[in-house]
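Here is a short report on one protein model.

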Amino acid sequence: MKVNVHQNIKIVVLVLSILFSLQKSYSQNNDFWSNVSFGGNLGIGVGNDTFSGVIEPSALYNFNEQFAAGIGISFGYIESNNFTATNYGGSLLAFYSPIREIRLSLEFQEMGVSRTLEIENTVDLKEEYWYPSLFIGAGYRIGNVSVGIRYDLLYDMDKSIYGNAYVPFVGVFF
């Protein structure tokens, strides 16, 4: 699957333009920054000679008690035996809470991936590419913390940075 990076960049710029234009209209009636939440996800995994870590800070604009939208950036690193990978990119986020305790999510994520597989006595295999993900998710929210699972609708077993299409998450926003 070939990814048209220029088209994805145009989509991101369009969405960011819309979000920033909303800032102007909403800030005229109330304080824009009082409706912004900062937070994100942080993860570390260790086991079987494997280390993985990810940091994903995000900013959300809370339109009301039910709807929020925003942007995030991401950086991850994986090292296991003869394999290393780094990934970096950004995402567009949208949340809907039908009730305070339930948070449904939609997230488009575009990640740059750099993978290296070191094979003894042979050439190292290196691969660099961009990978899109489109997640739908559901979580249980207690205060500022959400715990749940999301599913990548565009999952490709050969290219994804995730082990499978289901990805658990813990998110915190203030």
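## Terms and basis

Buried means under 20% relative accessible area, exposed means over 50%, and partly exposed lies in between (1.4 Å probe, protein chains only). This is a predicted model, in which local features need pLDDT of at least 70, side-chain atom pairs count only at pLDDT 80 or more, and totals for chains, interfaces and linings use all residues. Residues are numbered from 1 along each chain as its sequence is written, and side-chain values use heavy atoms, with hydrogens and water left out.

## Barrel layout

Strands (E) are DSSP runs of at least two residues, numbered from the N terminus. Two strands pair if DSSP finds at least two bridges between them. Here 8 strands close into a barrel, in the order E1-E2-E3-E4-E5-E6-E7-E8. The pairing is antiparallel. On average, neighbouring strands of this sheet are turned by 25° against each other, direction ignored. For such angles, axes are lines fitted to C-alpha atoms, and values run from 0 to 180 degrees between N-to-C directions. Strands of a sheet pair through backbone hydrogen bonds, either parallel or antiparallel.

Strand E2 (residues 50-62) and strand E3 (residues 67-80) are antiparallel and share 11 bridges. Within E3, Ala69 is the bridge partner of Tyr61. E7 and E8 run antiparallel and are joined by 7 bridges. Pro168 in E8 has Ile149 opposite. Strand E1 (residues 36-47) is joined to E8 by 2 bridges, also antiparallel. In E8, Phe173 is the bridge partner of Gly39.

## Two faces of E8

In a regular strand the side chains alternate between the two faces of the sheet. E8 has a covered face made of Val167, Phe169, Gly171 and Phe173. Its uncovered face holds Tyr166, Pro168, Val170 and Val172.

## Salt bridges

Side chains of opposite charge can pair when their charged atoms come close. A salt bridge is a side-chain nitrogen of Lys or Arg within 4 Å of a carboxyl oxygen of Asp or Glu. By this rule the model has 3 salt bridges.

Glu107 pairs with Arg150, and their closest N and O atoms are 2.5 Å apart.

How far apart are N and O in the salt bridge of Arg115 and Glu127? The distance is 2.9 Å. Arg115 is in strand E5 and Glu127 in strand E6 (residues 125-142), 12 residues apart. Arg115 counts as buried at 18% relative accessibility, whereas Glu127 is partly exposed at 29%.

Glu127 also forms a salt bridge with Lys159, with the closest N and O atoms 2.8 Å apart. Lys159 lies in the loop between E7 and strand E8 (166-173) and Glu127 in strand E6, so the pair connects parts 32 residues apart in sequence. Lys159 is partly exposed, at 28% relative accessibility. Through shared partners, salt bridges join Arg115, Glu127 and Lys159 into one network.

## Thr116

Thr116 lies in strand E5. It is buried, at 15% relative accessibility. Contact means heavy atoms within 4.5 Å. Leaving out residues up to four places away in sequence, Thr116 touches Asn82, Phe83, Thr84, Asp124, Leu125 and Lys126.

## Nonpolar surface patch

Patch members have over 30% relative accessible area and no salt bridge; like charges are joined within 9 Å, and nonpolar side chains (Val, Leu, Ile, Met, Phe, Trp, Tyr) within 5 Å. Leu106, Ile136, Ile149, Tyr151, Leu153, Leu154 and Tyr166 form one nonpolar patch on the surface. Together they have about 630 Å² of accessible area, by the Shrake-Rupley method with a 1.4 Å probe. Tyr151 belongs to strand E7 and is partly exposed, at 31% relative accessibility.

## Positive phi in loops

Which residue in the loop between E1 and E2 deserves a check? Asp49 lies there. Asp49 is not a glycine, yet has a positive phi of about 60°. Asp49 is exposed, at 65% relative accessibility.

Asn81 lies in the loop between E3 and strand E4 (83-96). Asn81 has a positive phi of about 45° and is not a glycine. Asn81 is exposed, with a relative accessible area of 58%.

Note on methods. Helix = DSSP H or I, 4+ residues; strand = E, 2+ residues; numbered from the N terminus.
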